[in-house]
Amino acid sequence: MKKIYAFIYMLTLLAPIATFAQFTFSNGNNSLELSGYVIGFYQYRPQFTGDPNAGNYKKNTFDLDDARFNMKGFVKGGLKFEIEINFADIIPFATTPTDQTAIPLTEANVVYMNPYLNVKAGYFKLPFSPSSMMDKIPSPYLARATMASGTYFSRRDAGVMVFKDFWHQRINIYAGICSGDGELILAGVNDKNGKPEYFGRIEISNAYYRQEELDRRNLSRPIARLGADIRYNEKTTFSGDGTGVNVFSTGNDMILDGRKLSYGADAAFMWHGFSAQFEMDWMNNYAAPGSPLAEQLNHYNTKFFKDGGFLVQANYYNKLLRSAVAVRYDEFNPSDLAGSYSQNGTFLGEQQRTVTFAYNFFALPTNLTLKFHYALRLKQPDIAQKWKEDEMRIGFQYTF
Amino acid sequence: MQKYFPIILLLLMCSVKKTPNLKPYFHHELSIDEPSDICLTSANPGHYYIVSNRGSIAETDSNGKVVRHTQWDGSDYEAICTKDNMIYAVDESMRRIDIMDESNFKLKKSVYLNYTGARNKGIEGLIYLPDQKKFIAVIEKPAMLIEMNEQLQVTSQTLMKQFFELSSITYHDHFLWLLGDENHEVMKVNPDDYTIVQRWSLPVVNPEGICFDASGNLLIVSDDMATLFKFRIPNP
């Protein structure tokens, strides 16, 4: 126990070096801010009965998730620019350029702010799914929920977005157009039909609601936000697993040639250190007439299959203890047509359900956070077996 | 006994004396987006200047109704004070103090102030103390007071470890009054040694600006609520 106290005491001694973490250079009319963060952890994945990876312990290891460097520029008159690179993804991208979750460039855009309509152009995070829009730093977890991990829908893209707020930022509206190829547009992936993706989002809150999951301000008044978002895309080939690729015929890659309509709704709340978020995102996948997938869908007497899911999480932050605890339940269904039935005939589907527990200790005022994360995979209802190994991560995040 | 020490420590931490709350007797939603600081005008103590980090300065009446304002220019104004019928407004992002004529908002000159911390953790508050002929600016995080002479040359920088963060400053009744937006509290501070004399909690989301009106009432502007609040400070 004495060692723990000594460790905490030593961390408090580090406080003075936490002071000038970020750097801003200015000449009075232009400024440039340099910042970034590093996230590293040890990961342990206990294997379970029937685990397809039995005997393979390569996931039990130390890893570096992020080594990000960010540059933000501000020019008098309302012009901003941002470039961010995750150095931890450079080698994975070089070896597997078609992995959309390992594209090292994470932001590269220019924003023109003005009183009428703000415009952002370049490569940026799409305004869809708050848990995807949320940066890793203000989140208590060390991994995103299954549906927002970047595997099922693209989280970033190249395009143009306009946005505006009303009623003192209580209402925020975003709309835009992008390539529709997601992160892989940077890997040179493009679709032969040349059609873009359209997206939009609206948020309403009782006061300006920041992109934060924890109430680290211990708000004396409750604030809440409701949101809804939508995306529409038409391609001959979609990237990622959320295309129904393995849904109907395992081992036989089935490319979705058709249209994808994605839509979601969300709610968030924070007050006195307590906060909670709810979100659901669904994708209707319409197969192009005459495509192999369309023929399969005809057997189900439908024109589309749906994938998606929801999450709900609750968090509590205590400033005196410099700690936060959080729990999240998320559920993802890769297809509403695939899966098995229960004995009484109820359709069970393929449910990928996870309960995640997190604890954060804020060792320095803003810079160093120690994080614990345990993702407990629940058994699939049809086969009474976990869909994936549990995942424990113990790590740190340091912002500079 | 030693094994119960963490529990005792936890209970002690949770039973720390609560900061008394202030209740507003007046509030008014402003027509100014993202208001970030407030001060009295020189010509009319019943009027206020309110700056916005959307790049404008507005003069309001005592109820917060805008009577005139500058045009949007993209500046990130976070702090304001007056001296000799001139407005001193701080652009936090650009580390620049714009000095304007109070009568017509005309820019007279700008002074560049070097500070290399995070862009949005720069100067959040500014006051002028006529008795001591100096300006005091507050840096948000890490909390710091910067003293400047009348030519806006920095004479001292003091790290304020006793404050978690600071969002504004004013001078009233021979005391400094410091505002913290994350802790949403106002602190009455001895100007000689910066010790906290008294503190109050505010039922306000993201309070960013502070000053006192001619009657001694505390004025607070909330950035996230875009609202002007008025409080009466209880007698000690």
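1. Conventions. Because the model is predicted, local features need pLDDT of at least 70 and side-chain atom pairs count only at pLDDT 80 or more, whereas totals for chains, interfaces and linings use all residues. Residues are numbered from 1 along each chain as its sequence is written, chains are lettered from A and ligands numbered from 1 in the order in which they are written, and side-chain values use heavy atoms, with hydrogens and water left out.

2. Interface extent. In chain A, 42 residues are in contact with 47 residues of chain B (contact: heavy atoms within 4.5 Å). The two chains bury about 3,700 Å² between them, with 57% of that on carbon and sulfur atoms; buried area is the accessible area (1.4 Å probe) that two parts lose on being put together, summed over both.

3. A:Arg210 forms a salt bridge with B:Asp224, with the closest N and O atoms 3.2 Å apart. On the side of chain A that touches chain B, helix 1 (2–13), strand 1 (23–26), strand 2 (30–44) and strand 3 (61–75) of chain A each supply at least two residues. Helices (H or I, at least four residues) and strands (E, at least two) are DSSP runs, numbered from the N terminus. By class, that side of chain A has 16 nonpolar, 17 polar and 9 charged residues; Ala, Val, Leu, Ile, Met, Phe, Trp, Tyr, Cys and Pro count as nonpolar, Asp, Glu, Lys and Arg as charged, and the others, Gly among them, as polar.

4. Salt bridges overall. Over all chains the structure holds 28 salt bridges. One of them joins the side chains of A:Lys72 and A:Glu82 (3.9 Å, N to O). A:Lys72 lies in strand 3 and A:Glu82 in strand 4 (residues 79–86) of chain A, so the pair ties together parts 10 residues apart in sequence.

5. Backbone points to check. B:Pro142 sits in the loop between strand 11 (134–139) and strand 12 (144–148) of chain B. In chain A, A:Ser129 has a positive phi of about 70 degrees although it is not a glycine. A:Ser129 is placed in the loop between strand 6 (118–125) and helix 3 of chain A.

Methods: Salt bridge = Lys/Arg side-chain N within 4 Å of Asp/Glu carboxyl O.
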